[in-house]
Amino acid sequence: MSTWIDSWVFGSRQWLAWGATLWCLAVLFLLWSYRGSGLAWRLRALLIPLKALALALLAWVLLEPLRNETRPRVGENLFAVLIDSSESLDVTDAGGGNSGETARKLFEPAGSAWLSALEETFDVRRYRFGTRLRQISPQEGLAFDEKASRLSAALGAVQKRHAGQPLAGVLALTDGCVTDKAALLAMEKELVVPVYPVILRDDAPPPDLRIENVTVRETSFEDFPAEARVNVAGLGWEGRDVRLELLNAKDEAVEARDLRLSDDGSVQAEFRFRPPLNISDYQVRASLVPRAIPLPNAPAKVEATAANNTWRFSVDRSGGPYRILCVAGRPNWEYKFLNRAVAEDEQLSLVGLIRVAKREPKFDWRGRQGESSNPLFRGFDAESAEERERYDEPVLVRLGVTDASELQSGFPDDEEELFRYHAVILDDVEAEFFTRDQLLLLEQFVLRRGGGFLMLGGMESLSQGDYARTPVEQLLPVYLDASPDGESVPSDRWLKLSREGRHASWLRLRTTEEEEAKRLAAMPGFRVLHELPGLKPAAHLLAELEDPLGAVWPGIVTQRYGRGRSAVLALGDLWRWQLHSEEGAEDFPRAWRQMLRWLVTDVPGQVDVRVDTSHLVAGDAVKIDVRVFDKKYHPVVDPDIDVEIHPPEGEPFQVRVEPSESGSEGEFQASFVPQAAGAYRVRARAADSQGKPLGSAETGWASNPAMDEFRDLAPDRELLDRVARSTGGRVLAPEDLEDFVENLPSEKLPLTENVLVPLWHRTPVMLVIMGCLLLEWFVRRKRGLA
């Protein structure tokens, strides 16, 4: 009440006493004059206050009353008008309307009265937004050609651009289908300017068939190395048949399926296929299957858009051949069958270091008088006596080497030589075969280089090979006994997959659970088993061995170690599987190939480039991570890196490379925003500070902006209302704009001024005075007193 009173000011206060005196005299005269009028007291009680009120208002006018009002400073407050320019505004609503046409009408002369009124009071700045924010002129027409509707980025950009300026509010005209919901919710508390969303679209979504998501997974499963799981939604098409097609880069059908949408309009499908050994591009396409017999009198329905019916993706199976070093303590069946299996795989290359004779002590006698070399090598020409095999050295055979110098001195003694391989297998070879430095080198191979390591069971493996308390035990997923018992057992034990192992694609050889169970049941029993004392905390038990009494022991155990991975196959007679049956003859080499592919998965090269698009939405910057190592796989701190992007169309271009946000040595990153839909390639090349090449790497991915833009064609009114209320704004409809602009000056604004408004000459005041006087005169005249 006091605030209301304080807002009044009188320009002629000196007349206050005179005005009050005259009014009192006038009221006394009225009372005296009506005393002998002969009117009833009720009528006098009406007429006297009417004339007294008119006289009071005249006295009040004599004081020159002024109203103290707060108004916005004309033209000094900024007001931003954001117009959604994304492609979804051109989609026809369920009621036949079009958000884009509604927006155009609001800016046409016939429908822009609200905008003219807004410009009379505020400095209006117009922007269009999609993937980015851009200021537009009043003469520029509206076009809806953006690939995304990133409202959060637009609001953040406007607030940042006008930081420190009197920005009164933001009016955002949108269809309500934003592509960055998570980002908008995350920045909710950062918005300090009132936001007024204007929703142009009807709440009822139009009929639409869309691919919601495609999850691509590369597996070690030999028959189908790639899986694509597809989720489809059909709003308004419940119960209809849809056709899903998997197409390659040449638009040729790899597989096609006809499926029926459920009652909630959804359906799922899984494609298993075998991509070539490179980076290949695919797409999944969904379409409605025409009805064989049209329904009579059924209303014609048209799909809202076909832009969300195709999902593109890339599969990277490049990177081979992967070189695997197998060190065997003796010629055996295991290496023979392993070598046969690898020979059928283009991506794997097996290098063998086979010991055919152990180290022997020196004797006083020799094979011939004066002969000091091993007689097994008699007759082979050697360049010097130092190069000939001696009695006190093991006899090694090298298989699958690329040149005469590879493994010439036996197992590598330095990092550069060992780190050329992607994985190492130890097959029935004892720890004494290696020097202490070589055992440390094996640990670093997994820890630092990121290689794969597999130890097979055997008479001189694991605990029986005295690996306890050695660096190799550190990388193994199991603990070892310092005083082991023998490993041979009298009864057979059968292999079975654990719950986790059943989900490991590289251990499975059949596509269904039932077929896989039959395969395992048909496998032979094994007799050479290492009874492992325990698993390490980070280990994964994937397979067990069970005896006739039901007791189980670990069979296949894996774990991550540093940058790489290690595994133990605690069997020494896996070869029995190969000899068991004709079916085993086919499964055994396949099992080996799948295991080795898993072993070399994610093993980095000297230059490693990766792109993670799993959580990206349209308009997000794609982050490209590059790691650079020297030949010993130490991070290179200051390499010269070139990252080249090959877009779906146009010329390749380079992007700027910066140190990674994590600050880790040897890790760098680049980013860019894809503008077009389709397949992308990225190539990274690195050289050291002297310009010597370190290597190169390539990968690919696909961009699907339409899938985010047209994911949901119903406006997210709840989200926009939440953002508006949190900033002090509110959600508006197009028809509310004129009232909104009219009442906007009464809102809390950055820059205002106080204005004294005279009220004595206002029309309402004059009308009240004249009304009271005329009514009093009319009643007296009717009574014959006027």
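A contact means heavy atoms within 4.5 Å. Among the contacts in the protein chain with a separation of 6 or more, 74% join residues 24 or more positions apart. This is a predicted model, where local features need pLDDT of at least 70, side-chain atom pairs count only at pLDDT 80 or more, and totals for chains, interfaces and linings use all residues. Residues are numbered from 1 along each chain as its sequence is written, and side-chain values use heavy atoms, with hydrogens and water left out.

Start with the whole chain. The protein chain has 18 helices and 35 strands. Both are DSSP runs numbered from the N terminus: helices are H or I with at least four residues, strands are E with at least two. Of the 786 residues, 48% are buried. Buried means under 20% relative accessible area, exposed over 50%, and partly exposed in between (1.4 Å probe, protein chains only). The chain exposes about 39,800 Å², and carbon and sulfur atoms supply 51% of that area. Accessible areas come from the Shrake-Rupley method with a 1.4 Å probe; for residues, only the protein chains shown count as cover.

Now go to Glu 460. It sits in the loop between strand 19 (452-456) and helix 11 (471-475). Glu 460 counts as buried because its relative accessibility is 15%. Leaving out residues up to four places away in sequence, Glu 460 touches Arg 330, Arg 355, Lys 358, Asp 428, Val 429, Glu 430, Gly 465 and Tyr 467. Glu 430 is 30 residues from Glu 460 in sequence, yet their C-alpha atoms are 5.0 Å apart.

Asp 428, one of those partners, lies in the loop between strand 18 (423-427) and helix 10 (436-447). Its relative accessible area is 7%, so Asp 428 is buried. Its phi is near 55 degrees, a positive value in a residue other than glycine. Arg 469 also has a positive phi, near 60 degrees. Arg 469 is in the loop between strand 19 and helix 11. At 66% relative accessibility, Arg 469 is exposed.

Finally, look at the surface. Leu 22, Leu 25, Leu 28 and Leu 31 form a nonpolar patch with about 410 Å² of accessible area together. Patches take residues with over 30% relative accessible area and no salt bridge, joining like charges within 9 Å and nonpolar side chains (Val, Leu, Ile, Met, Phe, Trp, Tyr) within 5 Å. A salt bridge is a side-chain nitrogen of Lys or Arg within 4 Å of a carboxyl oxygen of Asp or Glu. Leu 31 lies in helix 2 (residues 16-35). It is partly exposed, at 45% relative accessible area.
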